[in-house]
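Please consult the sequence and the model alongside the text.

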Amino acid sequence: MPALRIESLSKAFGRTVAVHDVSLTVERGQLYGLLGPNGAGKTTTLACALGLLQPDGGTISVLGQPASQIHTLCGKVAVVFDQPTLVRGLSVSQNLAYAQRLLGHKGGRSATDALQLAGIADLAGRRAGRLSLGQSRRLAIARALLGQPELLVLDEPLSGLDTLGVTSMLALFSELRDQGLTLVLSSHRLHELERIVSHVGVVIGGRVVREATLDDLLQGVAGQLRVRVDDVPRARTALAQVDGAILGQSDEAKGLLRLDPGPQGAPAITKALVDAGCAVSAIEPMRSGLQSVFETLLEEYGPHEVLP
Amino acid sequence: MSGSLAVLRAEFYRLSRHRSVHLSALFIVVVAVMRVWGESVIQAASRASIVQRALERGAAPPELPPPNAFAPLVEGWLSALTVGSLLLLILASRCLAADRESGVLRLARTRSASRGAMVVGRALLGVPLVLGLVLISGAAAWLTTAALFDFGPLVEHGFELLSTETFYEELRRAVIATIPPLMANWTFGLAVSACARSPSLALGTSLAAYLGFDLFKQVLGDGQWWIFASFAPSFSDASAMQEMTGVARGLSDAGYSAARYNQNMLLPWPEALLLVAVAWWATRRRAL
């Protein structure tokens, strides 16, 4: 039984389609990254999965239960929202005590352990309203760790954190994964996520355009080139003549095309383009990182601008 | 039901530790104390005036009976209940809307509570709050009255108008009659909170409805008694406690009739249930 299974999820707000036919599966023990640009539908997907939004269509199963019955799981699902959702008038420890009462039982990880794990044990007496954004986020994570969660969903958990904060948070996520927790992270912080996630789902324009293991996803772009020219059709014709070159997606409007240069490499590609009379403004190897995969997918599927 | 109880426990914990709730309780105590003290000043002034008039006439000062505690106690208690009912409404009308805005409802939803449980738990929170309001305001009024006045039968010209036993029995009935409308008042705030788009809109709407009804309820004539708010302590008051102030002064025509008292005890409950249902319906329909 997967920790989270979403099939053909659709949700619209009035005439605006937020997500359309989204399907994804998170198996137990995975550290799953749900990636996408702002407004791609990540938060809507998670909100539907957590029973906070009523979907227009599709089925959702969370630890074997439909999303509408998520409360019957007695705290096996824990969520850290993009906004920390703290009770600002209460102290850090009181916020945890409040959440523990909401949980309805006191088994599992205690408030003290959760605070230590999140690295804010020394802030127990401080009012939540006086915490910095990073501290608030840590408190929200500590709160999510109370009890015995099996699935931890984190929406943009790294935003607002400084470099040290990000590093320690990533270490914490890895540690939790090692303890057997299933984690779903929604984020657009690709460089950081690349260090820890094992599986990735990429959401663009309200659709999941790719779902794979991180290794499979990165393998797809290794050694590829991205070329910017003035005349894409002419460039495609010229490159088709290069032995071993495999043409990929292209965007005539932006003058971009992607290709595997084959054994002859970039020099042969450059020569073929120049010989064909194409004005080449850029030719660069695609970095075999999550960022470049993401940019490629954006070029391929997205109406959005390519991220810098 | 366990989800509702979890919400009730969590919300009670939160309120019991919230500074604004402590300040509200303190304010209620201050209102009760000030009202009783004000009553003692008024009575002292009245007695001084009687003595002064006698002296001006060249007569010996009359022997005045000791100031009676009944009226100050009821006045103090009623004043605190009036302020308290308004504070209850403010608290209720903010709770769901503010928690939705801050995301606290989302937390509850993903931990243990269905949408229904979030509403029912908060509705049940009205019980300890209303009882707490009645007890705190009563204790403050009683202690201040005991410090400033003598408890004893209400006597006028040597004639006992009201015995201590009768007073306490009438007071008990009036205080109990205050509880159902205060509970309905709480659920009204909750329903507005569930329906409103923002906490400030919820607060404005509930206060406008509360004060608007208070101002114009006379226009409804006897029809006003079909609405729970008529029985709740308010600024234009017609509650059982307001009637009790007349009883405490020995007015023979004060107090609810048996039919009106029964209406007071029974009518607010179905109205409160209806308001909880409205809050539940609105919360089900909203994105959290």
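**Briefing on chains A and B**

Helix α2 of chain A passes helix α4 of chain B in a right-handed crossing; a crossing is right-handed if the near helix is turned clockwise from the far one by less than a right angle, and left-handed if anticlockwise. This is a predicted model, in which local features need pLDDT of at least 70, side-chain atom pairs count only at pLDDT 80 or more, and totals for chains, interfaces and linings use all residues. Residues are numbered from 1 along each chain as its sequence is written, while chains are lettered from A and ligands numbered from 1 in the order in which they are written.

- Axes are lines fitted to C-alpha atoms, for helices over the stretch in contact, and angles run from 0 to 180 degrees between N-to-C directions.
- On the α2(A) side, Ala99(A), Leu102(A) and Leu103(A) meet Leu107(B), Ala108(B) and Arg111(B) of α4(B).
- By class, the residues of this contact are five nonpolar, no polar and one charged. Ala, Val, Leu, Ile, Met, Phe, Trp, Tyr, Cys and Pro count as nonpolar, Asp, Glu, Lys and Arg as charged, and the others, Gly among them, as polar.

**Contact of α2(A) with α4(A)**

- Within chain A, α2(A) packs with helix α4(A), residues 133-144, at an angle of about 35°, with the axes 10 Å apart.
- This crossing, too, is right-handed.
- Val92(A), Asn95(A), Leu96(A) and Ala99(A) of α2(A) make the contact with Leu139(A), Ala142(A) and Arg143(A) of α4(A).
- These residues comprise five nonpolar, one polar and one charged.

**The side of chain B that touches chain A**

- In total, 26 residues of chain B are in contact with 24 residues of chain A, contact meaning that C-beta atoms, placed from the backbone, lie within 7 Å.
- Two or more residues each come from α1 (2-17), α2 (19-56) and α4 of chain B. Helices (H or I, at least four residues) and strands (E, at least two) are DSSP runs, numbered from the N terminus.
- The largest share, nine residues, is given by α1(B).
- This side of chain B has 10 nonpolar, nine polar and seven charged residues.

**Helix α9 of chain A**

- In α9(A), residues 265-275, the buried residues are Ile269(A), Ala272(A) and Leu273(A). A residue is buried if 20 or more other C-beta atoms lie within 10 Å of its own, exposed if 12 or fewer, and partly exposed in between, with C-beta atoms placed from the backbone.
- The buried residues of α9(A) pack against β11 (225-229), α8 (232-239) and β14 (280-285) of chain A.

- Ser8(A) has a positive phi, near 55°, and lies in strand β1 (residues 4-13) of chain A.
- Ser8(A) counts as partly exposed because it has 13 C-beta neighbours inside 10 Å.

Conventions. Contact = placed C-beta atoms within 7 Å.
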